[in-house]
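User: I have a chain open and would like to go through it. Can we start with one residue and its contacts?

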Amino acid sequence: MKKLLVIAILLAVAVPASALTTLDFEGLPTTYNYWSGHQSIGNYYPCVTLGPDAVILTVPDYNSYGYPPHSGSSVFRPYASGYVDFTFDGTVNYFEGWFTYGGGSQLYMEGYDAADNLIASASMGDNLTTSSRMSISAAGIKRVRIHDSTAYWTGDDIAFEPCGNQVIPEPTSIMLGALGLGSIVGIRRFRKS
Ligand SMILES: [Ca+2]
């Protein structure tokens, strides 16, 4: 029985982590552009809401040399608030993105749980004309805020766990582990008979 338990645990652990969902900010309608419609990205993407005033900048918009895209020709930034919140329908345990900052202090990435407690954070200094990766990891991130004290920053290629993993990640592993255990028991019974 101990051997079976070990196999079941191995099966549960061996369930591969799904690929991350990436938002590259390419191909959005021009109504979301900083200069044309400046409508907030809001619920444009599934599973996550961007607010309060996240908009798109596309090369060769103003300053795109200093704030280059990490992918394609578009990045996101706040329109006037100075910050962008990513609020998930469920929660995630990992969040990353590529950022360019020119505000002269620090750009912050902060993760909050469902009760609005700060549970993870990262920061970076100036890096104009290039982009740098920032990431945070913590169990149960409900909202991520990107901000500095001004609004001299852009972001691109935001990546997080896919929608299917957001709400309750554990039962899938437990069920697969149980299925593995069940089939092993089944094979043993079959061999006995
Ligand atoms: Ca992009």
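Analyst: Beyond the neighbours within four places in sequence, Phe76 is in contact with Phe25, Ile41, Ala54, Val55, Ile56, Val84, Thr154 and Gly155. Two residues are in contact if their C-beta atoms, placed from the backbone, lie within 7 Å. This is a predicted model: local features need pLDDT of at least 70, side-chain atom pairs count only at pLDDT 80 or more, and totals for chains, interfaces and linings use all residues. Residues are numbered from 1 along each chain as its sequence is written.

User: Is Phe76 buried or exposed, and why?

Analyst: Phe76 is buried because 23 other C-beta atoms lie within 10 Å. The cut-offs are 20 or more other C-beta atoms within 10 Å of its own for buried, 12 or fewer for exposed, and partly exposed in between, with C-beta atoms placed from the backbone.

User: How far apart are Phe76 and Val55?

Analyst: They are 21 residues apart in sequence and 5.5 Å apart in space, C-alpha to C-alpha.

User: Which strand holds Phe76?

Analyst: Phe76 belongs to strand 4, residues 74-78. Helices (H or I, at least four residues) and strands (E, at least two) are DSSP runs, numbered from the N terminus.

User: New topic. How many helices and strands are in the chain?

Analyst: There are two helices and nine strands.

User: And how do strand 6 and strand 7 pair?

Analyst: Strand 6 (residues 107-112) and strand 7 (residues 118-124) are antiparallel, with six bridges; two strands pair if DSSP finds at least two bridges between them. Met109 has Ala122 as its bridge partner in strand 7.
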